[in-house]
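Work through the exercises below with the sequence and the model open. Try each task before reading its solution.

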Amino acid sequence: MQRITILGATGSIGVSTLDVLARHPDQYQVYALSAHSRVDELAAQCRQFRPQRAVVGSAEAALELTRLLAGLPVDVSYGEAALCEIAASDDTDTVMAAIVGAAGLAPTLAAARAGKKVLLANKEALVMSGQLFMDAVREQATLLPIDSEHNAIFQSLPAGYAREPGAAGVAKILLTASGGPFLNRAVETLEAVTPEEACKHPNWSMGRKISVDSATMMNKGLEVIEAHWLFGAAPERIEVVIHPQSVIHSMVSYVDGSVLAQLGNPDMRTPIAHALAYPDRIASGVAQLDLTQMAALQFYQPDYARFPCLALAFDALRAGGTAPALLNAANEIAVEAFLERRIGFRDIDRVLRRVMDENAHGAAGDIEAVMAQDARARQAARDIVAAIARA
Ligand code: NAD
Ligand code: MG
């Protein structure tokens, strides 16, 4: 029996994870679940999966959950320290890190430091903490990527590669991107797009933050940084390829001319099942890919004028240190402001450009330095958002 903690159980990845687990009750047991504020949904999950512990975001939410679970033996708590406890507990083997944004960093790092098998969906945590996180993993943990692209790359690399970067004749990592909902929309009209339009992804159903990131292609930018850390790839060895059908989930090209790819229907239960069972395979509930039903597969170069956020992410990766943490924090603030209709869609990249230009970054020597940079960048982004929103 593998005992599992799911950080962010009520989110899109959390729900997909529980869907896979429910198919294999003989192999997996849920130890703990967390949610920020969706207490009703978490209560329903607790009734179905009977975890020992449940963690929410506030004292009020904890009281409400306790009331809803009256009679069930679930230990309810709240806050970051409790999230770190369920991530690092001796009673769990595997941690699905599926909180969105910087809020997931502390518990995900706690899981790595406790030597857990970490299934990483929360890309922002790795983007922020890069080397620090990978050092914690290298000491004793196992890290398996859930992001579909990185899971595809992992599957296309020789076993053990992630721990010995630069080896095995790898020439390039080809990171595919759908291009999101605005791939072909006239660039001038992007100023006026609504949160609803931005969240309507053509191929994937996801949480709102990552959906907006996909529309700006900041998601791909964060994934470039994620690939750099996961696979030890220098920026010039990571190539973004637009592939609107999202059938090929990413590729690795080798010095002998071989290109290995992983294909599948766009459903996150495939990478989730892969990581849960690795190195075995389990059924995920995803239909087999029917290649004969597929229209042509297309590939294009990305247009950096249409998607300036992608270029900003490469800049942050090359700058190093806390620059990616700065970019990530500013992006979280800008996306939230866009979703709340306080700024326009194109203001997102304007805010990020200004925060990057106007704020110094430094060495990412410890988590405190990363968190301080995160806090400064958030404040800088909030100030710029407030000025735009007033104008
Ligand atoms: P979501 O918004 O659907 O869910 C987020 C989860 O995090 C929820 O359970 C929520 O309760 C919890 N949460 C939110 N804010 C929190 C806070 N401040 N403290 C503690 N918990 C908090 O998001 P999602 O789409 O499931 O994405 C989760 C992560 O997985 C993100 O980092 C995203 O980039 C990554 N990811 C998602 C997909 C996808 O298909 N959805 C694909 C690849 C990677
Ligand atoms: Mg992805």
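Domain bounds here come from an automatic or database domain assignment. This is a predicted model, in which local features need pLDDT of at least 70, side-chain atom pairs count only at pLDDT 80 or more, and totals for chains, interfaces and linings use all residues. Residues are numbered from 1 along each chain as its sequence is written, chains are lettered from A and ligands numbered from 1 in the order in which they are written, and side-chain values use heavy atoms, without hydrogens and water.

**Exercise 1.** Locate ligand 1 relative to the domains.

Step 1. Check who supplies the shell. Domain 1 and domain 2 both give residues to it, so ligand 1 lies between them.

**Exercise 2.** Describe how domain 1 and domain 2 meet.

Step 2. Count contacts (heavy atoms within 4.5 Å). Domain 1 uses 32 residues, domain 2 uses 27.

**Exercise 3.** Find polar contacts of ligand 1 (pairs of N or O atoms within 3.5 Å).

Step 1. Start with side chains. Glutamate 124 places a polar atom 2.6 Å from a ligand 1 oxygen. For threonine 10, a side-chain N or O atom is 2.8 Å from an oxygen of ligand 1.
Step 2. Turn to the backbone. Isoleucine 13 has an N or O atom there, 2.9 Å from a ligand 1 oxygen.

Definitions and conventions: Polar contact = N/O pair within 3.5 Å; in protein donor to acceptor, adjacent residues only side chain to side chain.
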